[in-house]
Amino acid sequence: MADVLAIKQAVGDLDEGSVTEKLNAFIASGPGEDEVQAVVAACQQGMEIVGEKFGEGEYFVGDLIFAGELLTDCIDMLKPLLGGEVGGSRGTIVLGTVEGDIHDIGKNIFRSMSEAAGFHVVDLGIDQPPSAFVAAVEEHKPQIVGMSGVLTLSIDSMKRTVEALQEKGLRGGVKVAIGGNAVSQESCQYIGADAWSKNAAESVKTCGGWV
Amino acid sequence: MRGMGVDMATLKERTQIRTDSIEGRIPKRVFVFARFSLEAACGYAGVDLAKAHYDMELTEKAFESICKDFYSDALPVGNIRFPAPYQILGARNWVMGSNGAVQHPEIVTMEADEYDEYIANPYDAIVEKFLPRACPELDTDPANRSLVLGKAYRSFKKYSEGTRAVCGKLAAKYGLVPGFITGELIEAPFDFLADQLRGFKEINIDLRRRADKVKAACEATLPLMLKRAVPPVIRPGQINYIPLHLAPYIKMGDFEKYFWPTLEELVNGMDKAGVACTLFAEEDWTRYAEYLARLPKSAILMFENGDCAKIKATAGKDHLIGGFFDPTITLTRSKEECIDEAKRLVDICAPGGNFYFAFDKGIMDIKSVDVPKLQAVLEWVSVNTNY
Ligand code: B12
């Protein structure tokens, strides 16, 4: 049985050596699927610790970036034990950084965490125009559309993307979540999104409640 | 506006205030160093930005509208990012967006396993490997490579000389003196490694996975930066510009070990050679103020955010400091509140001298400010700051 608390703490401490060692030992023990899911969840909870330390001024943006990388690596290690894909059964999220914005660090963290929580994520990449979101929604029929953006101008791109979904009659079929440094309660209303957050862990919970 | 039809007395006064500020005497009043980008100037003048990049008459029209309508002692305009040479090079790290703004997408030009090669011979690694990756047009046979480079250099020269001529003309016409940026653009060795070679994301991963290499790479970068910072012939009054980037995003311990030492050596090296510099502290440098205070006095400081009282008491004791004023507050606050904010800043920083008035960063988009309120703030500083 894995010590999920220790794994969670090691992820929270960004102690890569210790995380890798613990996960390797866990994988070697030949765990069952439920156990693997518990460890995936522990890694994700480790990110909540990271978020707290960031909020308290102990961690900085650079640590968030490394945390995203560490989480992705953990999920990649655990994936093979779950038949190739982590979850993937809870629903589909079409995700992208909106037009005019090329920042993707926050988006990638949200993607890793959603995948860890069992979502299938279609990642469009950066600087994606409304038409790309529309095309992806038509093709993949997701339950959720996630838009990321850190620039002030990204708010307008998000608004235009929601309008484009509306025009195609696709808005009613999806929930829209937004994230990134530029978003707020105010901008969420202006854009016409369903939820906003600057904390990926929180957003993943919200998404979980939608499906 | 008082900027127009400037007489000799005004020019003399501005020059005196600037010199007093640089040399640590209490100036007659606070020196005003406003900064507007070409983007903002075009937005204000109603000039097409994408065209202005290639047309010096349009650049002049845009710049002149700023010089004419906003109070500043220093020339408030300038530009160094010309799209034409980058386009000739096929540059991936500086590209013009659809609105004409030249932007910096993140690219990785050096892989993690190439650190040793870079550390052993940074110049060759840059020229032979990393530059062709950043600029694919250079990734060709030597003959064509030199043609491309020649073309790009000629283009850069054309636009930089054109811009300089426009600036010189406007400075003379409006009696504007130079700001505190007159020399080369230099990066802190750590920032050069991060911005030009590894990228923002990778450098933060390197700090955890191969910190020793990062340290060695910064040390290998230092001589390159010094060489650029101290040209064989130093222009009198040369003030280089160092925009500081990554420090606010890393932990104190990492800053002390990896960021600071080579930056300090760089600034000391310039100082010894008789070259001054202006360091722009992006984001919040309050927690590093004690370090900045250790730099030679020839280092002028400019801040984006942070606790100006704390910074004045440390880095601002012996160094000329400025910045902190966020011009976007003009969109949400009344004219009186904006002036109050400028007054608050001046009251904290100006007593005893060693302070100039500048925005927290260059204005990138004129829509991000309220023009009449901003004009009022600049005007206020220029007449109400006799400390
Ligand atoms: C890293 C960075 C860069 C890197 C980007 C690397 C990359 N691959 O992303 C580089 C150096 C390339 C860069 C370039 C530029 N940048 Co930049 N950059 C930053 C910086 C330092 C950090 C951003 C970041 O990654 N934060 C960390 C992540 C983890 O946070 P986050 O995005 O908020 O994500 C979290 C949540 O919001 C949430 N989340 C994120 N996405 C989503 C999506 C969904 C659906 C959900 C539910 C949740 C969610 O989960 C994450 C984890 O909790 C910020 C400064 C800052 N303090 O924020 C400036 C900043 C964003 N940049 C800025 C600027 C101006 C630029 C440039 C335009 C500069 C230039 N002149 O070229 C260019 C961008 C060009 C463009 N068109 O986009 C400005 C923006 C100003 C503004 N108001 O618009 C900032 C604020 C810096 C500043 N103080 O001026 N930048």
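Predicted model: local features only at pLDDT ≥ 70, side-chain atom pairs only at ≥ 80, totals over all residues.
Let's start with what the chain is built from. Chain A has nine helices and five strands. If you walk along the sequence, the pattern goes α-α-α-α-β-α-β-α-β-α-β-α-β-α. The radius of gyration is 17 Å, close to the 17 Å that the globule rule gives for 211 residues, so chain A is as compact as a globular protein of that length.

Now, the inside. Of those 211 residues, 45% count as buried. And what about contacts along the sequence? Taking contacts between residues at least 6 apart in sequence, 76% of them join residues at least 24 apart.

On to the domains. Chain A splits into domain 1, which covers 4-82, and domain 2, which covers 92-210. Their centres, taken over C-alpha atoms, are 25 Å apart.

So where do the two touch? On the domain 1 side, 12 residues are in contact with 10 residues of domain 2. Which elements of domain 1 give two or more residues to that side? Those are helix 3 (33-55) and helix 4 (61-78) of chain A. As for the kinds of residues, the side of domain 1 that touches domain 2 has seven nonpolar, four polar and one charged.

Technical notes:
Residues numbered from 1 in each chain as written. Chains lettered and ligands numbered in written order. Helix = DSSP H or I, 4+ residues; strand = E, 2+ residues; numbered from the N terminus. Rg over C-alpha atoms; globule rule 2.2 N^0.38 Å. Buried ≥ 20, exposed ≤ 12 C-beta atoms within 10 Å, placed from the backbone. Contact = placed C-beta atoms within 7 Å. Domains from an automatic or database assignment. Nonpolar A, V, L, I, M, F, W, Y, C, P; charged D, E, K, R; others polar.
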